[in-house]
Amino acid sequence: MITKSKINEFKKNGFIIVKNFVEKKEINKVFNQMNVVLDTIFNFNKIKFDKKMSLDEKYFLLKKKKPTLKSHFYDSIRILDGFNNVVYSEKRTKTIKKLLNTKAVFVTNHRLRTDHKKEKASLAFHQELNNISTSSALIFCPFVKVNKKTGTLCIIPGSHKHGHLIFKDSKIAVEPGHKTGVVEKILKKKEKIDYKNSTVKKLFKKENILIPSLNPGDAVIFNNFLFHGSTPYVGKGLRWTLLANYHQINKTPYVLKENFTPSKQYPLELGLPMRICYKQNLNKIL
Ligand SMILES: O=C(O)CCC(=O)C(=O)O
Ligand SMILES: [Fe+2]
């Protein structure tokens with residue numbers, strides 16, 4: 001169970017590290033279910049595969065044979081029961097509720113992100129904005145080993161204390177290829193950008209960056225205003241990472257304010273999946 005000192009640490013530093021937050025057994029269950037989905041896709045599409053192939057090998061086989069279905073497979077992980085059991089479990093939600101001092105949470109953006117050295121993607125330093133609330137805790141929980149060498153999440157401890165910071169490019173959603181706050185550049189002391197914010201200038205320094213080494217299932221739980229970014233993953237295979245955002249109800253304008261207007265750029269999407277059109281003949285659908 002989460003201790004009082006961990007709660008204080010979360011308040012002070014804007015993050016905590018919880019070892020074995022997701023257990024091996026649970027990780028294996030999610031992987032097994034993903035194997036079931038992939039095998040079903042292969043069988044349906046008559047794609048030959050070796051039963052002994054690893055999950056990563058199957059992922060790349062699907063990517064090669066049916067790139068669109070690879071994307072659909074990736075998207076479908078977030079509606080997989082085993083995955084959601086992990087995200088919504090007592091253990092996870094109890095911990096988060098203690099950290100946020102709330103009795104209920106809204107959960108958004110839960111997904112199992114993939115990173116691979118052939119699909120290099122790093123995120124510049126950002127705060128988690130443009131979401132459903134103004135106060136939340138995020139989970140970053142890789143299902144494989146990560147550290148400074150493999151490339152992983154990088155954070156700036158204590159940076160959440162400044163609240164929402166506005167600086168150059170901070171109003172556009174962070175994407176791979178984002179030019180401001182690029183972690184690799186800051187680590188090499190090569191980022192020479194006028195951030196247009198003196199606090200940000202002080203924060204975005206090599207000596208302020210922490211790169212936690214994590215074993216599969218270890219999690220970084222962090223405040224939405226904590227600056228975080230990533231270096232490209234160059235480790236073995238795929239970096240499967242559970243990401244999820246847990247929100248405070250009393251900081252969620254959508255449910256509180258009748259006149260709340262969502263961002264036009266990032267309209268609210270509460271995660272309703274697409275539907276099958278039954279105007280077609282059933283046998284044409286499947
Ligand atoms: O997975 C990562 O490296 C960081 C992800 C992240 O911060 C995000 O998607 O907003
Ligand atoms: Fe983020």
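First, a definition: a residue is buried if 20 or more other C-beta atoms lie within 10 Å of its own, exposed if 12 or fewer, and partly exposed in between, with C-beta atoms placed from the backbone. By that rule L38 is buried, with 22 other C-beta atoms within 10 Å.

Two housekeeping points. This is a predicted model, where local features need pLDDT of at least 70 and side-chain atom pairs count only at pLDDT 80 or more, while totals for chains, interfaces and linings use all residues. Residues are numbered from 1 along each chain as its sequence is written, with chains lettered from A and ligands numbered from 1 in the order in which they are written.

Now, back to L38. L38 is in helix α2. Helices (H or I, at least four residues) and strands (E, at least two) are DSSP runs, numbered from the N terminus. What does L38 contact, leaving aside its neighbours within four places in sequence? K58, L62 and F73. Contact here takes C-beta atoms, placed from the backbone, within 7 Å. L69 is 31 residues from L38 along the chain, and their C-alpha atoms are separated by 9.7 Å.

Two of those names lead us to helix α3, residues 55-65. Buried there are K58, Y59 and L62. Seen down the axis of α3, the buried residues fall within an arc of 105°, so they line one face of the helix. That arc is taken over the directions from the helix axis to the C-beta atoms. The cover over these buried residues includes α2 (24-44) and α4 (67-76).

Is F60 buried or partly exposed? F60 is partly exposed, with 16 other C-beta atoms within 10 Å. F60 and L238 are 178 residues apart in sequence, yet 9.8 Å apart in space, C-alpha to C-alpha.

Next, G82, in helix α5, residues 81-88. G82 is partly exposed because 17 other C-beta atoms lie within 10 Å. G82 touches K29, V30 and Q33, not counting residues up to four places away in sequence.

On to the core. A nonpolar core is a set of buried Ala, Val, Leu, Ile, Met, Phe, Trp, Tyr and Cys residues joined through C-beta atoms within 7 Å. How many residues does the largest one have? It has 58, and those with the most contacts inside it are I155 and I221. In soluble globular proteins, nonpolar side chains tend to be buried together. Leaving aside neighbours within four places in sequence, I221 is in contact with F15, I16, V18, L99, A137 and I139.

That brings up strand β5, residues 219-223. Strand β5 is mostly covered, with 5 of its 5 residues buried. A219, I221 and N223 point one way, V220 and F222 the other way, and all are buried.

Which strands flank this part of the story? Pairing needs at least two DSSP bridges between two strands. β1 (residues 15-18) pairs with β5 in the antiparallel sense, over 4 bridges. In that pairing I17 stands opposite V220. β3 (residues 136-142) also pairs with β5 in the antiparallel sense, over 4 bridges. There L138 is opposite F222.

Now ligand 1. Around it are R113, L123, L153, H228, S230, T241 and L243. The elements giving two or more residues to this shell are β6 (228-230) and β7 (239-248). A residue is near a molecule if its C-beta atom, placed from the backbone, lies within 6 Å of it. By class, the shell has 3 nonpolar, 3 polar and 1 charged residues. For those classes, Ala, Val, Leu, Ile, Met, Phe, Trp, Tyr, Cys and Pro count as nonpolar, Asp, Glu, Lys and Arg as charged, and the others, Gly among them, as polar.

Most residues other than glycine have a negative phi, and most peptide bonds are trans. D169 is not a glycine, yet its phi is positive, about 70°. D169 is in the loop between β4 (153-155) and α7 (183-187). D169 is partly exposed, with 15 other C-beta atoms within 10 Å. K196 is not a glycine either, and has a positive phi of about 60°. K196 lies in the loop between α7 and α8 (198-203).

Last stop, T3, in the segment before α1 (4-13). T3 is exposed, with 9 other C-beta atoms within 10 Å.

Methods:
Two residues are in contact if their C-beta atoms, placed from the backbone, lie within 7 Å.
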